[in-house]
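Trainee: I would like to learn how to read a few features of a model. Please take them one at a time.

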Amino acid sequence: MSESVIKCKKDLSVTVAGVKFPNPVIAASGTYGFGQDYTDLYPLNILGGISCKGTTINPKDGNPAPRIAETPAGMLNSVGLQNPGVDVFISEHLPKAKRDGNIIIANIAGATLDDYRAVAEKLEDTDVDMIELNISCPNVKQGGASWGITCDGAATVTKAVRAVTKKPLMVKLTPNVTNITEIAKAAEAEGADCLSLINTLLGMRIDIKTRRPILKNNVGGFSGPAVFPVAVRMVWQVANAVGIDVVGLGGITTAEDAVEMMMAGAKAVQVGTAIFTDPYAPVKIIKGLERYMEENNLNSLEEIVGTVRPW
Ligand SMILES: Cc1cc2nc3c(=O)[nH]c(=O)nc-3n(C[C@H](O)[C@H](O)[C@H](O)COP(=O)(O)O)c2cc1C
């Protein structure tokens with residue numbers, strides 16, 4: 001796909017927590033690495049931005065295989081935050097990802113508060129545009145989603161990271177809770193500039209021949225088209241409960257999905273699992289959004305944000 005084919009005639013830009021994205025389509029953390037595998041396909045600055053693979057203070061090998069299982073309309077993963085650690089992210093991956101002026105979001109994770117703080121401190125003097133605080137990873141034994149399932153946990157880790165960073169702070173919420181709006185409000189109260197949701201839903205598959213779980217970790221995070229209605233519902237609930245911007249993700253596969261998510265209240269969207277079936281998915285969604293703007297005479301995509309009409 002050449003650059004001229006994907007160049008947009010319309011202004012698709014959106015502003016999230018003060019950061020201007022050239023369009024609202026961001027590659028979701030953990031599904032796009034640091035962008036390096038896609039540079040031969042299209043220039044990365046076509047995207048709205050890239051949320052990089054979850055980064056921890058020390059390198060992590062992740063969980064043992066098998067750690068991927070397919071489902072009829074999605075997948076389960078238990079990758080377990082495999083990453084090279086924040087120092088390698090800063091020295092090797094960030095300069096390449098940032099080339100061509102791409103908007104780069106660093107997705108950070110940790111087992112302890114000190115871990116989260118240390119990663120955020122190291123990123124402070126880099127050209128990362130935004131920090132995405134992952135308090136929602138279901139695939140690690142310590143930390144991860146345990147921060148994101150209570151209001152206290154979400155508040156504590158948001159406050160700790162807020163204290164050490166001036167960068168725009170996006171807190172990523174887990175859907176594995178009963179009342180996501182209370183968690184969202186707790187993060188907002190402690191200084192989150194915006195929220196992203198949803199991370200994966202906790203799931204499990206069993207191989208009926210061996211009677212073993214398919215994943216070595218037994219359980220894993222469920223993502224892909226099947227989770228889309230859950231994500232739309234949660235984004236709609238959260239967007240109506242907080243005063244900060246919301247970024248919606250979970251199962252987005254087409255431009256129509258992105259429009260629906262924005263109507264639910266998302267200022268921007270992230271695309272994850274869809275990239276595994278079609279690496280051009282984010283680019284096709286951007287083109288589809290441009291068509292949607294033309295067909296509906298829109299000057300800005302922000303005109304549709306939160307416009308779902310009550311019955
Ligand atoms: C293989 C895989 C790895 C992921 N790794 C991360 C991660 O490191 N940090 C994070 O915040 N989310 C991670 N996620 C969650 C996605 O960013 C996203 O929230 C979720 O998959 C729902 O969106 P989707 O249905 O479009 O994939 C991962 C998802 C998958 C499938």
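Mentor: Start with G80, which sits in the loop between β6 (74-77) and α2 (86-98). Helices (H or I, at least four residues) and strands (E, at least two) are DSSP runs, numbered from the N terminus. This is a predicted model, in which local features need pLDDT of at least 70 and side-chain atom pairs count only at pLDDT 80 or more, while totals for chains, interfaces and linings use all residues. Residues are numbered from 1 along each chain as its sequence is written.

Trainee: Does G80 count as buried or exposed?

Mentor: A residue is buried if 20 or more other C-beta atoms lie within 10 Å of its own, exposed if 12 or fewer, and partly exposed in between, with C-beta atoms placed from the backbone. G80 has 23 C-beta neighbours inside 10 Å, so G80 is buried. Its C-alpha lies 9.1 Å from that of G220, a residue 140 positions away in sequence. Of the 311 residues in the chain, 50% are buried.

Trainee: How are two packed helices described?

Mentor: By the angle between their axes and the distance between the axes. Axes are lines fitted to C-alpha atoms, for helices over the stretch in contact, and angles run from 0 to 180 degrees between N-to-C directions. Helix α5 (residues 180-189) packs on helix α6 (residues 228-239) at about 50°, the axes being 9 Å apart. α5 is therefore oblique to α6. Angles under 35 degrees count as roughly parallel, over 145 as roughly antiparallel, 65 to 115 as roughly perpendicular and the rest as oblique.

Trainee: Which residues make the contact between α5 and α6?

Mentor: Two residues are in contact if their C-beta atoms, placed from the backbone, lie within 7 Å. Here α5 supplies I180, T181 and A184, and α6 supplies M234, Q237 and V238.

Trainee: At what angle do α6 and α7 cross?

Mentor: The axes of α6 and helix α7 (residues 255-264) cross at roughly 25° and come within 8 Å. The two helices are therefore roughly parallel to each other. From α6, F228, V232, V235, W236 and A239 meet D257, E260, M261 and A264 of α7.

Trainee: How many helices and strands does the chain have?

Mentor: There are 9 helices and 16 strands in the chain. Among contacts between residues at least 6 apart in sequence, 73% join residues at least 24 apart. The C-alpha trace spans about 50 × 50 × 45 Å along its principal axes.
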